[in-house]
Amino acid sequence: MASYFDEHNCEPLGIDEQPDHLLHLARLLLDSGLGAEFQLEFERIFGDVGGREQPRASKSVIENLRSTNEFNRDEKCSICLKEFEKDSTKELPCYHKFCENCIKQWLQLVNTCPMCRIELPTDDQDYEEYKKQKRRTKERKLDLDDLHNSMFS
Ligand SMILES: [Zn+2]
Ligand SMILES: [Zn+2]
């Protein structure tokens, strides 16, 4: 069985993290403006991202965010906690919605959804390569698990 640390080393962005931390961070970010502190805070909460900086989302992703007016009257942006306004609400591929301003600022710092942390494409070739390798390592690990299970079950 994989140890706690094995699992956490492979997956610095573990799915068991509370998204609340990220939202707290998002608010902090918007309160204090953009700054180097953000990266430090991000690392403090989530651990470093394989020894590299979490890249921002790609420019084209930020520019081409999907607009939506499909929200309930009392639905709020989880970053600023204000109600959505018509024609200034954006939706990520995971269907989480945010005010245009909030999510644009957010994605200029990191490439993950503040709610569920799915990753969006970046302009950072190195990081894209790193992600591919990480995925391959994970697949190999799954293969090994299968092999292990088929041998011992
Ligand atoms: Zn907002
Ligand atoms: Zn999301």
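## Terms and basis of the model

A residue is called buried when its relative accessible area is under 20%, exposed when it is over 50%, and partly exposed in between, using a 1.4 Å probe and protein chains only. This is a predicted model, in which local features need pLDDT of at least 70 and side-chain atom pairs count only at pLDDT 80 or more, while totals for chains, interfaces and linings use all residues. Residues are numbered from 1 along each chain as its sequence is written, chains are lettered from A and ligands numbered from 1 in the order in which they are written, and side-chain values use heavy atoms, with hydrogens and water left out.

## Overall architecture

The protein contains six helices and three strands, taken as DSSP runs numbered from the N terminus (helices H or I, at least four residues; strands E, at least two). Along the sequence these elements are arranged as α-α-α-α-β-β-β-α-α.

Of the 153 residues, 35% count as buried. Among contacts (heavy atoms within 4.5 Å) with a separation of 6 or more, 53% involve residues 24 or more positions apart. The protein exposes about 10,300 Å², with carbon and sulfur atoms supplying 49% of that area, as computed by the Shrake-Rupley method with a 1.4 Å probe, where for residues only the protein chains shown count as cover.

## Zinc ion (ligand 1)

The zinc ion (ligand 1) is coordinated through the SG atoms of C77, C80, C99 and C102, at 2.1 to 2.3 Å; donors here are N, O and S atoms within 2.8 Å of the metal (3.2 Å for Na, K and Ca), and sites may look incomplete because water is not among the atoms. The arrangement is tetrahedral because the four donor atoms subtend angles of 103 to 117°, where the term requires four donors with all angles between 85 and 135 degrees.

In sequence, the donor residues follow the spacing C-x2-C-x18-C-x2-C. C77, in the loop between β1 (66–67) and β2, and C99, in strand β3, link distant parts of the chain, 22 residues apart, and both of these cysteines are buried.

Definitions and conventions. Tetrahedral: all angles 85-135°; square planar, octahedral: opposite > 155°, others 65-115°.
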